[in-house]
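I opened this model to look up how its parts meet. My entries follow.

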Amino acid sequence: MPSTVDTLIHAQWIIPVVPENLVLENHSLAIEGGRILDILPTLEAREKYLAANELELTGHALIPGLINAHTHASMSLLRGLADDLPLMTWLNEHIWPAEGRWISEEFVHDGTQLAIAEMLRGGTTCFNDMYFFPDVAGRAADAAGIRAVVGLIAIDFPSAWATDADDYLHKGLEVHDQFRGNNLIHTAFAPHAPYSVSDEPLERIRVLADELEIPVHIHLHETNDEIVQGLQNHGNRPMQRLQELGLLTPSLMAVHMTHLEAGEIETFADGGGHVVHCPESNLKLASGFCPVSRLMKAGVNVALGTDGAASNNDLDMFSEMHTAALLAKGVAEDASAVPAASALSMATINGARALGLGDVTGSLEAGKSADLVAVDLQRLNTQPVYHPISQLVYAASREQVNHVWVAGRELLRDGALTTIDEASVISRANQWQQKIAEA
């Protein structure tokens, strides 16, 4: 007798990501209790399982949910506010003043919900956030059903969220406790950057991260200006300072890493940390080029992020995969640098490993959470299909995402969001635009 399962999905191609570059043609995936129960040939699946929900996905590729390993979700409400400017000008003269005036629980909720809606429609099932009011962002993510790592933000100057380093850490620990045991919402310490966080809070974060066994998420070596500031204010380059503070460990997620000397790559690799590459934001802000190929050859796990929509200006992980693969080839002057399968890994399992969720998500394997995405490759721009992984990275767009599941729950069905009122989200975004523009 066939076994009964919650969901059975029949796809033309299943790309599990682990092992890398494997494509399973005419296979099916069984979901039970929010987890992947089995992946097997479709003919066998029809005999072995009966499902409450059965889905035929002819011409579709089934892949792990994409993982946006670095973003500032609620900054979606500042999308397009200030463009075509260097990073520090953009921050000091536009973004930080706007945040100082407008950041509130309502702003973070509405901006995070806008970002989640965009990410789900583009196949992202998990995001790593760094922003104020992480409790609000976490609740918005939980309500939508998306997986998230909310950053326990730390910065030296006061904000609407906290007054000083002690207050940031105190409130951050409360947020960590709030989501303890939540299967979807996780936490990471999120000191903003070496130039905005002093030694004492960084040392406390190192100790607390070790005690709580959660990651540390920080912008690092993003611009040459950051390097100059480090030398002037601390007498060393930012990475060296973090090393001296004991932060170059396997729990570190270093975002951007566009200005690296050869010795620093080896030092970082020896520490076991992870790099989160944000190619499109780096290009737009002219921050520099992350040496992705050299980092990977040194054994560093490299994940992908979009950064915030205020500096990208979208949260499109398909576009990031495409840009990351092409940019790596140009920087390395090697057409074989970061092939399509590696780019897909960067957007899935590498991100999961960086977030400490490699046993939970990031690949399609029995026992893992059923976080998955169905991509329609029957469109004109992805025909004919010789190599599905190449089509996903070099030709497909997020508009081809038809279905998204997180923990077995379908959050996008035939291109429509199931847990978010899209019209309401757009209406609130327009209200914020009017207020900010008038001011």
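**Domain interface**

I looked up the area buried between domain 1 and domain 2 and got about 2000 Å², with carbon and sulfur atoms giving 67% of it. Buried area here is the accessible area (1.4 Å probe) that two parts lose on being put together, summed over both. I noted that V393, Y394 and R398 supply 35% of what domain 1 buries against domain 2, more than any other three residues.

I was working on a predicted model, in which local features need pLDDT of at least 70, side-chain atom pairs count only at pLDDT 80 or more, and totals for chains, interfaces and linings use all residues. Residues are numbered from 1 along each chain as its sequence is written, and side-chain values use heavy atoms, with hydrogens and water left out.

I took domain 1 as 3-64 + 369-407 and domain 2 as 66-355; such bounds come from an automatic or database domain assignment. Their centres, over C-alpha atoms, lie 30 Å apart.

For contacts (heavy atoms within 4.5 Å), I found 25 residues of domain 1 against 31 of domain 2.

I then checked salt bridges (a side-chain nitrogen of Lys or Arg within 4 Å of a carboxyl oxygen of Asp or Glu). The two domains share three. I also looked up the E118 and R398 side chains, which form a salt bridge at 2.9 Å, N to O.

Last, I asked which elements of domain 1 touch domain 2; β4 (49-64), β13 (372-376), α15 (388-394) and β14 (401-406) each supply at least two residues. Helices (H or I, at least four residues) and strands (E, at least two) are DSSP runs, numbered from the N terminus. α15 gives the most, five residues.
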